[in-house]
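Subject: Structure handover

Hello,

I am passing on the structure we discussed. Please have a look at it below; my notes come after it.

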Amino acid sequence: MRVTNSMLVNNLMNNLNTNLARMDKLESQLASGRKYAHISDDPVALIYAQAARSRLTRLSHYQATIGTAQDWLASVESGLMELQGRVADVYTSVIDAATDVKGAADKNNVAQLIAQLRDHYLDTLNATFGDKYMFAGYNTPGDNAATKKITGPFTLDDNWNLHYNGHNLSDLLGLTVNGSTVYSGDVSGIFGGLRIDASSGAAKAAADAQAALDAINGTIPGDGLLYKIAAVNTDIGNKSDEIGLLAIEITTMENQIAGIDKEIMEKYGDLDTLNALNGQKEAILNGPGGLKELRLLDSEKNAELTEMKATRDSFLADLNNVANVDAQYDPCGRVALSIGGVSLIGYDTAPAAVPVIATVANSSLDPLNPTAGSIEYLQSMLEMMDTLKADVLTFDVGPGVSMAVTYNGIDLVMYQAPDNTTLNVFNLLHEVYQATSSGAPADEIGSFITSLQYAQNHLLAKTAEIGGRTNRLDLLTARYKQDELNYEQMKSDAEDADMADVIMYQKMAEAVYQAALSAGARVIQPTLMDFLR
């Protein structure tokens, strides 16, 4: 095979370009620090690096969010300690005042201190952090259109009732049974199993009515005695209406006969007219549908009505064993029953649902076994309570991990004491103020000590929970820092060049290129003319 000079030149140039390309790639790695300049160089490695970079971006977001959340938790913890501290101060003042050594003036001085602590408690409930209230969820400070002043979510009315966003926390679960109020003081366990004190008042009347209803309806098989009385009431009413209509018809016919008798007297001696009038009278008295027939029907219906009333009286006799059942009759003879002021049945109505909220158990009403009436109201109030309490500021601190960084103020005002009673801290502070300012005796003032201890324990428990959340965020921060190192290593492994290797290969490529240039210069430099010369 004949090798020409141009072939040598072309091969030399190709080899030099290959060396230059290798050197260019190594030079690019050395300058950028990355293995690849294009996705096509190694698609798998570059996608792996992009995934690591994406995770690092998400980590950076979560780390920034955790920083903000920790700031909120620190502020909320400070607010909780402030609330607990004010209750503790009131507790100390009560202990100081709960002695007969203190006179009325001394107690009044304590009351003035307690008043300021109470008001500061309210101010702390309305405390803000940045542009949000700490204990009012997503409420933001704003002006009151009427007063042109900034109004917090927690406000007072003229009766010192505490309101949250317009909801009266001082009487949140006040309900009405048959027109009588069951006061919220009789309601306990709103944060657990709801119970209503049925030992007195409207709740007791309703509970007694429910017990009476069960006892009455249990005496007769089938629909129960009340329903049978209601049916008899309907029958008596219908029969009374029929008798009333008959009485109208009988009276009408008697008036007609009286008119005929008067006319006979006026026309006495006119035989034809007299015979005609006597015929009319005979027809009214004894004709079909006449007065005689109506009176017979009236007698039958009255007999039926008497029998219905006897049935009614028999039914009512069965109620003798039920205490406090009140029976009243209307003019027709129908009966209305009630117990303790709660209607069991009306004259014209079927047995109504007794307005109680649950069956009786140990002189209390158990919400686990609701019957009818006010249970719907209580359920709606409790649902509203849960909705309000759930209104808290939260942060996403991880994939699918959301953390509340504060409490709704309702959790800090209302709580369930160990004895299952529901207490309102603000109401408690105000009641302490009223007792001390009025110079109440020592035992009355001292009665608040246990409730104040419960309030302190409740707020301390909330503070401890905030501390636990702070520790959890610290653990998340440490984990995210470790994850950041892992993802950085993953990204580096995928795209960073090994500088020692790159420098070594670059020097080797440079030496090869220099050698190629030297060899090429010696081979290509001589030409045919140079050889002939």
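The notes below cover aromatic pairs, charges over rings, and strand pairing. Please keep in mind that this is a predicted model.

Aromatic pairs

A pair of aromatic rings is described by how far apart the centres are and by the angle between the planes. The count for this model is three aromatic pairs. Two of them are described here.

One of them is W72 with F129: the ring centres are 4.8 Å apart and the planes stand at 65°, so this pair is edge-to-face; the cut-off for that class is an angle over 60 degrees. The pair links distant parts of the chain, with W72 in helix α2 (residues 43-97) and F129 in strand β1 (residues 128-129), 57 residues apart. W72 is buried, at a relative accessible area of 5%, while F129 is partly exposed, at 29%.

Another is F154 with Y164. Here the centres are 4.9 Å apart and the planes are at 40°, so the pair counts as tilted. F154 belongs to strand β3 (residues 154-156) and Y164 to strand β4 (residues 162-164), so the pair ties together parts that are 10 residues apart in sequence. Both F154 and Y164 are buried.

The sheet around the second pair

The strands β3 and β4 that hold F154 and Y164 also belong to an open sheet of three strands, in the order β3-β4-β5, with antiparallel pairing. The edge strands are β3 and β5 (167-168), each of which pairs on one side only. Between β3 and β4 there are three bridges, in the antiparallel sense, and T155 stands opposite H163 in β4.

A hairpin

Strand β15 (residues 394-398) pairs with strand β16 (residues 401-404), again in the antiparallel sense, over four bridges. D396 stands opposite S402 in β16. How many residues lie between β15 and β16 in the hairpin? There are two, and G400 in the turn has a positive phi of about 75°.

Charges over rings

Which ring does the charged end of R118 sit over? That ring belongs to Y433, and the charged end of R118 is 4.8 Å from its centre. In another case, R469 lies over the face of Y407, at 4.9 Å from the ring centre.

To find your way around, you could begin with W72 in helix α2 and F129 in strand β1, then go to the sheet of β3, β4 and β5, and finish with the hairpin of β15 and β16.

Regards

Methods. Residues are numbered from 1 along each chain as its sequence is written. This is a predicted model: local features need pLDDT of at least 70, side-chain atom pairs count only at pLDDT 80 or more; totals for chains, interfaces and linings use all residues. Side-chain values use heavy atoms; hydrogens and water are left out. Rings of Phe, Tyr and Trp (its six-membered ring) pair if their centres lie within 6.5 Å; planes under 30 degrees apart count as stacked, over 60 as edge-to-face and the rest as tilted. Buried means under 20% relative accessible area, exposed over 50%, partly exposed in between (1.4 Å probe, protein chains only). A charge sits over a ring if NZ of Lys or CZ of Arg is within 6 Å of the ring centre and within 35 degrees of the ring normal. Two strands pair if DSSP finds at least two bridges between them.
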